[in-house]
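Subject: Structure for you to look at

Hello,

I am handing over the structure below, with notes on what turned up in it. Please look at the sequence and model before reading on.

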Amino acid sequence: MSTKILVTVKEVAEVDDEFEISGLDIDDRYLEYDLNEWDDYAVEEAVQLSEAGDDVEVVTVTLGPERSEETIRMALAKGADRAVRVWDDALADAGLLDATTKADLLAAVVESEEPDLVLTGVQAADDSFGATGVALAERVGFEWAAVVNDLDYDADANVSSVRRELEGGVEELTDVEGPAVLTIQTGINEPRYASLRGIRQAQRKPLDVHALDDLGLDESVVDSPVDLTSMYEPESEGDAVVWEGSPDETADELATFLREQGVVEG
Amino acid sequence: MTVLAVTEHRRGELRTPSFEIITAGRDLADALDAELHLAVIGGDVDGFADRLNRDGVDAVHTVAEGEEFNHDVYTQAVTAMAEAHDPDALLMPNTVNGLDYAPAVAGALDLPLVTDAVDFDADGTLEVTREQYGGKVETTVDVEADAFALTIRPAEWPAAEGTGDAEITPFDVDIDESAVGSTVTGFEEVGSGDVDITEADVLVSVGRGIDEEENLPLVEALADALGATLSSSRPIVDNGWLPKNRQVGQSGKVVTPDVYIAVGISGAVQHVAGMKGSDTIIAINTDPNAPIMDIADYAIVDDLFDVVPELIEQFGGQAPS
């Protein structure tokens, strides 16, 4: 019996310490693009399941422009078998902030791929919406579990025994009937680095690009009542005393403070 | 007009976000000239409803179904309640469990959803304030719709107080058991061990800025020199460099030491939730704009690899080479 696992993979921007905002986003000069941290763990979890099981196919799906292919190849280099990238001129102009829009686009891929299990990251490091996975599950009629930090997958029964990481150091143990969408939390595994051999192999793995037409969708899918209208640097609420000087001077200030407070002796 | 806010409980206790969502919901209801209704689902619904009947609550709807949170039950119950009461705004907590049903409810009701609101302005078009890029920027998001769903970040609104005169009524909903595909089989406390960081007077806490596991002894040496206890932010535990019982934050421990020294910690909201009650917070970080600087009392804006060895020397310790 074969199993297919679909993993959503997003390319996200990381921001330099110093940056400028240009319009509705941070100026591109201060951004570095990389695989979303949570998705890295989701890819690793899928690859581990494929290594442990018989006949498991791992397919990644990305909503992203051509630039994101470098990131997608990285997921392939880590062991995914093939990739799907969804892009269209109509998406380039849309903000893609609305989880409903993303769920609609991903749902079209789920319906054509018919996976047994979908793994997503808990959230994306850029907009931190944290809603796409569960919205997708609702849209395609799958079961789901959010914020999973341990997964024991029974491929024959298609049941996932998971731990959900609740607040305050409490974990919830839950059995989820498949087909299901699980949103994967960081720390669930140790994501591997791509090997040189993996990187070479990734160049030859299939990476299919689908436009809206190919998925049976039209431009109305990007219509959304949710619009980003401004971005700004928050005013610092801080009133910290900043010790200035060379490292030995600032260390001396801190040491003096700790001694005066009596919290440290010596 | 109605604002419907969903409350949250676990293992017999209402969780704090349930009282904060009353405050947020009342703000929104005032802006919309609406009533504030609460939903209480599962567990001791009558006891919970009494405790939630605080100033500003107009009605509480209870659904006595199950003991603990189950997202299929919550999704069905909230959806049915929204269909019956037709709220203009549906508020849910931006918690682990809130994010386990809010997108499904919004999808089922075809409501636009904005998550993790830290503020909103509902005079006219709804304008939601949220953070992006790990708190480095704030954004405003407009929602052009007659009705919408919103999740509310914990600890942004104060808990509601006082006693209200809400009408408490059971809400009848037939849960379709065949659509319940997940079963909670238990809970487990994690992160106990030989060290209890919540008992420490002084914590030296290490974050992502340490870069590599082999650099960890530097911060351990600082903790030793100060007679302090070592703790960390989430990435250090995710990487397996320190055990779970050292983790400060939303999913780890909440600590309130006399002095908290954050070394190479940027101060993500989940981390700050676990340490903002410290008496004195000292940050050592290269980034003067890092969120940790907003709550620090004292700060050194410099490279930890330059400052920490000097500090160890100050206290007669030896920095590892």
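A salt bridge here is a side-chain nitrogen of Lys or Arg within 4 Å of a carboxyl oxygen of Asp or Glu. Please also keep in mind that this is a predicted model.

That definition matters for B:Glu138, a residue of strand β10 (residues 137-143) of chain B. B:Glu138 is buried but has no salt bridge. The nearest side chain of opposite charge belongs to B:Arg153, 7.5 Å away. Leaving out residues up to four places away in sequence, B:Glu138 touches A:Ser230, A:Met231, A:Tyr232 and A:Pro234 from chain A, and B:Thr129, B:Arg130 and B:Glu131 from chain B.

Next, helix α5 of chain B, which covers residues 216-226. Its buried residues are B:Leu216, B:Leu218, B:Val219, B:Ala221, B:Leu222, B:Ala223 and B:Leu226. The elements that cover them include α7 (247-261) of chain A, as well as β14 (202-206), β15 (229-232), β16 (259-263) and α9 (304-314) of chain B. Just after this helix, B:Gly227 takes a positive phi of about 65°.

Regards

Definitions and conventions. Residues numbered from 1 in each chain as written. Chains lettered and ligands numbered in written order. Predicted model: local features only at pLDDT ≥ 70, side-chain atom pairs only at ≥ 80, totals over all residues. Heavy atoms only, no water. Helix = DSSP H or I, 4+ residues; strand = E, 2+ residues; numbered from the N terminus. Buried < 20%, exposed > 50% of the residue type's maximum accessible area, 1.4 Å probe, protein only. Lys, Arg positive; Asp, Glu negative; His and termini not counted. Contact = heavy atoms within 4.5 Å.
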